[in-house]
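Hi everyone, thanks for making the time. Let me put the chain up on the screen, and then I'll walk you through a few parts of it.

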Amino acid sequence: MGETAFEAALTVRTEQMLDACTKCGKCVEICPVTGPAGVGDAAPKDVISGVLDILRGREGPQASIAWAKGCALTGDCIDACDVGVNPRFLLAMARVTLAKQAGDLHERRKKGIENFRLVADGANVLARMQLTDIELARLGQQVTDRLQNGSTVAEGERPDFVFYTGCNVLKTPHMALLALDIMDALGVTYKVMGGPTHCCGVIQLRTGDTEVSGRAATSSLDKLAEGKAGVISWCASCHVQFTETTIPTIEKVRGSRPFEMTPFLLYLSTRFDDLRPMLRKPVPMRIALHKHPGVKGVVEAGTALLRMVPGIEIVDLHQPAVGLMSNALNALPDYKRKLQLDELEAAAAAKVDALVAVYHVDHRELCAHERDWPFRIINILDIVGESMGLHHDDHFKRLKIMQDADAIVADCKDMLATHKLDPAKAREVVVKAMLAEQPLPLVGKIDGRQGAAYIARP
């Protein structure tokens, strides 16, 4: 079977960047994970040259393979390049090449299906353990033939924007609901799309299945092209997948860009003048922001937004900001645990009232630590919403803190019955998609240091 049009265009884009790359090594020099990834003392020029070799089908040196596999998508490399190459994209394509070399298409496709089902089950089941039919429909999820809209415009009309949730924010749905409340307050019309039926294709891309990845992403892209002013995105990995892989590749195939995609907080930054008078209620809190700089400008927009909330004091914990989101560090588990523990310890030492994350993935991984540390762990929209008089319960955190799959399923028995979910299936999902996602243990010692459980609350 030959290449699809999408795959052919992806190949052309990659080859054009290979030709443009000068092998200067600046992208390697600035990368924050070369040490943890095991690049060692290899010269930066040799490392990037090896990545280009991998992309050309040659055997790259171990340092280059380690750098590609350890990439956390921080994005510093993009600004470091003087010739307009996107090293983050090249590293993604290098990982695709390595995946293709490691297994045949049948096995890779099977792995992609398994990984997709894990995400789909987690999003679908955990959302239904927390939300009513009306709330699910508001988030664009099909519940019944009667409840499937997620739009603030009449049928046949185009909204200002499509709000694209991605899949995994449905596990922590209070964030997405708060985002929609804020858009309602701003008078924005929108249609919500997301979940497993609107896959960005990144799961399949990671297994090296570029055909299915391109097909899934293109199908979703065509659905998303309804907004008059484009798409507002929530998930950082979906955003990078669309803006760095899918949209530029489709542009090469079709000759035009279908839409522009803007992260939610960057969109809000264009509406700060309208938001400021809505932030009426003081929220007296001393907070620290959990930072990931992978999507340029989001951390800065979030910080500026928090400074607009009366009563908020932001403390700089002077911790490294690495990666696109927490899950982008999965290839470096020891380094990831160290980053998280160092941040929790710094937050405790700074006597903050809350550690505040932007993204859903970070919240999922960190929120249960609230049980053991002397501060809350919340999302940025919890603070913005409180100041605006908006609120949705964070059921995910409440459930995860239980740390007991049977207790969680029992707590949600009414919701399981409402949505006709099998309790045994729900328990399986809770174990795999909630409790297993705990990089830093809640209790015990990490690297010989005292763990969170031994710090007394005031």
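By buried I mean under 20% relative accessible area, while exposed is over 50% and partly exposed is in between, using a 1.4 Å probe and protein chains only.

Before I go on, some housekeeping. This is a predicted model, so local features need pLDDT of at least 70 and side-chain atom pairs count only at pLDDT 80 or more, while totals for chains, interfaces and linings use all residues. Residues are numbered from 1 along each chain as its sequence is written, and side-chain values use heavy atoms, with hydrogens and water left out.

What flanks it? Strand β5, residues 285-290, runs parallel to β7 and is joined to it by four bridges; there, Ile287 sits opposite Ala354. Strand β8, residues 376-379, is also parallel to β7, again with four bridges, and Val356 has Ile378 as its bridge partner. For two strands to count as paired, DSSP has to find at least two bridges between them.

Now follow the chain from β7 through helix α18, residues 360-366, into β8: that's a right-handed β-α-β unit. Right-handed here means that, with the strands pointing away from you, the path from the first strand over the helix to the second runs clockwise.

Next, have a look at the open sheet of four strands, in the order β2-β1-β3-β4, with parallel pairing. The edges are β2 (190-193) and β4 (261-263); each has a single partner strand, so one side of each has no neighbour in the sheet. On average, neighbouring strands here are turned by 30° against each other, ignoring direction. Strand β3, residues 231-233, pairs with β4 over three bridges, and Ser233 has Pro263 as its partner in β4.

And the helices? α10, residues 173-185, packs on this sheet and touches β1, β2 and β3, its direction making about 170° with that of β2. Contact means heavy atoms within 4.5 Å. Angles go from 0 to 180 degrees between N-to-C directions, with axes fitted to C-alpha atoms, for helices over the stretch in contact. Helix α13, residues 236-254, lies across β1, β3 and β4, at about 155° to β4.

Last topic: charges. How many salt bridges does the structure hold? There are 28, each one being a side-chain nitrogen of Lys or Arg within 4 Å of a carboxyl oxygen of Asp or Glu. Take Glu244 and Arg88, whose closest N and O atoms are 2.4 Å apart. That pair links distant parts of the chain, 156 residues apart: Glu244 is in α13 and Arg88 in helix α7. Glu244 counts as buried at 12% relative accessibility, and Arg88 is buried too, at 5%.

Then there's Arg364 with Glu437, where the closest N and O atoms are 2.7 Å apart. Arg364 is in α18, Glu437 is in the segment after α23, and 73 residues separate them. Arg364 is buried at 2%, and Glu437 is buried at 18%.

Note on methods. Helix = DSSP H or I, 4+ residues; strand = E, 2+ residues; numbered from the N terminus.
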